[in-house]
Amino acid sequence: MDRHTLNILEFGKVIESVAGTCLTVLGHEVVTRLQPQTEHDRIVRQLDEMREMVTVLETEGDFPLGRVADIREPLLRSLLEGTFLDPKELLAIAEFLEMCQGLMKFSKISQEKYPLLEEHLSRLVSGFELVKRIRTAIDEDGEVRDNASRELHQLRGEKRAVRDSIIARLQQILAKKDPDPAWQEDVITLRNDRFVIPVRAGDLSPRDGVIQDRSSTGQTLFVEPFKVIELNNRLRQVLIDERQEVERILRSITRMVAGEADHLGENIRAVGILDSLYARARWAKRTESCIPELVDRPQFHIIKGRHPLLVIKALEAAPDLREEVVPISVELGESFTALVVTGPNTGGKTVSLKTVGLLTLMAQSGLPVPAAAGTKMGIFGAVFADIGDEQSIESSLSTFSSHVRRIRNAVEGADERSLVLLDELGAGTDPREGAALGEAIITSLTEKGARVMCTTHYTALKALSQNNPLIENAAVEFNKETLQPTYRLHLGVPGASYAIDIARRLGMPQTITEKAASLLGDQELNLTRLLAELEDTLARVRKQEEELSQRLSATGELDRELQERKTRLQDAERDFQKKALAESEKIIAETKGEIERLVKEIRETQAHKDVVKKTHQYLAQKAQETKVKIAALQDPPAPKPQTVEGPLHKGDRVWVEPFNKEGEVADIFSDQQKVKLRLGNMFYTIDEAHCRKLQSATPPRREVRPAPISYEVTSNVGPEISLRGLTGEEAREALDRYLDEALLAGWEEIRIVHGKGTGVLRQVVTDMVKTDKRIVSHRIGEWNEGDLGVTIARLKK
């Protein structure tokens, strides 16, 4: 890629932003080395790897990568003969390997889901024995532990004992001295690695000991008494032995590090790549970027693309200001190969040009692009850009000359796989000559098959699309009422410059603006008015398209909801059928057993008429019960009728939430807040809170059925409910019903699966669990519990 293009488009700043998201120096270096590629398979590989990492963040919640030190320099030194690493360096190596072990655990549970990431994860080596040895020998503060070896344990024990003996003797010596209120320095201290006591210079006696040091004033001498010289000598020898033993331990561990150097090198390379992918995925999430679809042709179709540096600037200023970056949608290379962008100054033409260039470079570098899903980016063999004022006094180049030099390089180097970006084409010289030169440049580049996007104010260039189907116009939008640019880009129409209108808004005297308008001439004025009217018409059409799109979206959402309801009804029907079949099999089994018993009894009693009569009665009753049960199972659940607030009384018709059916209050147990209900031919005792009084109190016609049987409500409901696919209201009702059933079942902790999606269901669940008195506490799931897609709630006992 042309180095000047990378600089003028500020590609390096985007790389710096992404690299700043890395957790390790290794990943930072991988990102900073990213450059636009031209090999299709290589770019696809990078984008697919990044796509897998984005999926990890969305579904797994996190990736087990953390901040660790760069261990490359200590690793290289470990290979030098006779050297040893200090404890903190060894500790850094252990921490690095422990992170690698965490990545390997992640690999075991997700290797089938992320095959491209697995290729990097599979290269990792745990270094378990090395980590164990380092952790055994070195503590968290980077100090060698006493139990790192038996010899070191003995030496440090002896060191403490000798030191204690020295201090005890010195304290005895100090205690025997005559107290002197003017002397406040009787403190045991170290000089030349030997324990000493302070003595006033005038009080020193040859019998006191050996002078090891004196104070800066010379008034205090630091004396090693003769009584501790032997002990100090012993302590010095123990310290030497200790230091040698520590070095021996560190050399031993360093040799282990050197033995794992190849494996550690592989780990370093793998972690660097994984961290770079993790950083790119996190940057994509932060900037709401997408991974573009790559096409192996020199073209692009950008949907709602935003300039990445403007996005970063908005995020750094305030996260809620990101909407200030106005997106553009633009395409080039499929139905036309040149795009001429026109419109007012400060309207966003140059930003659009830079956005296209940067997004192209980013996609070919394996980076996410700040655009909407569905964006397609092609592969360009070269990108040439001539943007901004590049006047050079040192090179004696004017603005026009510098433009010409850059454009010449583009014209000479461009081919059918090149993208050429030209800002203010033909500017800096006579307008007529500049327009002619601009037309010739566009025509030449188009004939060579290059993709061209340029900005201009020249009317002649706006008309090129009329005679050449490979050239298309685009305009940056301008609000004529406020005389302010909107920064939106629209394809298919040229734009007016509005120079006189903008000058008038900025306070130019009216006499001058009116004179300027009169000098334009009727033809130019008519063209300007025509462009303005065309922009107004297109604005109305776009508004109508937007309204139609919203209606189509709402219709699509309604259709989706209806399809979901249809699916749920079909599932419910299948469940009813399964339940009916299971109940029938149960009835058959029970009846068969009872008939066999009765047959046996008939044989034993030799067909006594009372037994035969009893058998006939049982069979009749069983047949009637079977008819009632099968009819109940075949009927779909009744829709929930209208209910009213108020106390319950005997005989009231109620809606019973756990059964999703109507029932009748047979009795009320006020002291227990329970009611006895008749549901069909059964009696149930249930919490009064599960019943809703119906508006219509007229009881349905009862059929004559066998004698009722009473049951206490029990539940086999599980500790999890899934609300995915439901509307907000459906989810609220389902969760409310489930909480009652879960309480009845005795669950103390439940798992509410609402998914991530748009966040609507999560908000519904959050609002309910915050205020529902049945819930004691709640929290979002951990990364291995479902993360943001799950809420864990504890119920009242």
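**Close-up views of a predicted model**

Leu339 has Glu472 as its bridge partner in β13. The model is predicted, with local features requiring pLDDT of at least 70, side-chain atom pairs counting only at pLDDT 80 or more, and totals for chains, interfaces and linings using all residues. Residues are numbered from 1 along each chain as its sequence is written, and side-chain values use heavy atoms, with hydrogens and water left out.

**View A. Strands β8 and β13 pair in the parallel sense.** Five bridges join β8 (residues 338-342) to β13; strands pair if DSSP finds at least two bridges between them. Strands (E, at least two residues) and helices (H or I, at least four) are DSSP runs numbered from the N terminus. Strand β13 (residues 471-479) is largely enclosed by the rest of the structure, because seven of its nine residues are buried. Buried means under 20% relative accessible area, with a 1.4 Å probe and protein chains only.

**View B. Helix α8 packs against helix α10.** The axes of α8 (residues 128-137) and α10 (residues 226-259) come within 10 Å and cross at roughly 160 degrees, so α8 is roughly antiparallel to α10 (over 145 degrees). Axes are lines fitted to C-alpha atoms, for helices over the stretch in contact, and angles run from 0 to 180 degrees between N-to-C directions. The crossing is left-handed, that is, the near helix is turned anticlockwise from the far one by less than a right angle. Glu129, Leu130, Arg133, Ile134 and Ala137 of α8 meet Ile249, Ile253, Met256 and Val257 of α10; contact means heavy atoms within 4.5 Å. This contact of α8 with α10 has seven nonpolar, no polar and two charged residues. Ala, Val, Leu, Ile, Met, Phe, Trp, Tyr, Cys and Pro count as nonpolar, Asp, Glu, Lys and Arg as charged, and the others, Gly among them, as polar.

**View C. Helix α6 also packs with α10.** The axes of α6 (residues 87-110) and α10 lie 11 Å apart at an angle of about 35 degrees, in a left-handed crossing. Pro87, Leu90 and Ile93 of α6 touch Leu250, Ile253 and Val257 of α10. The contact of α6 with α10 comprises six nonpolar, no polar and no charged residues.

**View D. Helix α2 has buried residues packed against other helices.** In α2 (residues 11-19), Phe11, Val14, Ile15, Ser17, Val18 and Ala19 are buried. These pack against α1 (3-8), α3 (25-32), α11 (261-287), α12 (308-317) and α13 (349-364).

**View E. Thr355 lies in helix α13.** Thr355 counts as buried, at 2% relative accessibility. Leaving aside residues up to four places away in sequence, Thr355 touches Gly305, Arg306, His307 and Ile328.

Technical notes: Buried < 20%, exposed > 50% of the residue type's maximum accessible area, 1.4 Å probe, protein only. Parallel < 35°, antiparallel > 145°, perpendicular 65-115°, else oblique.
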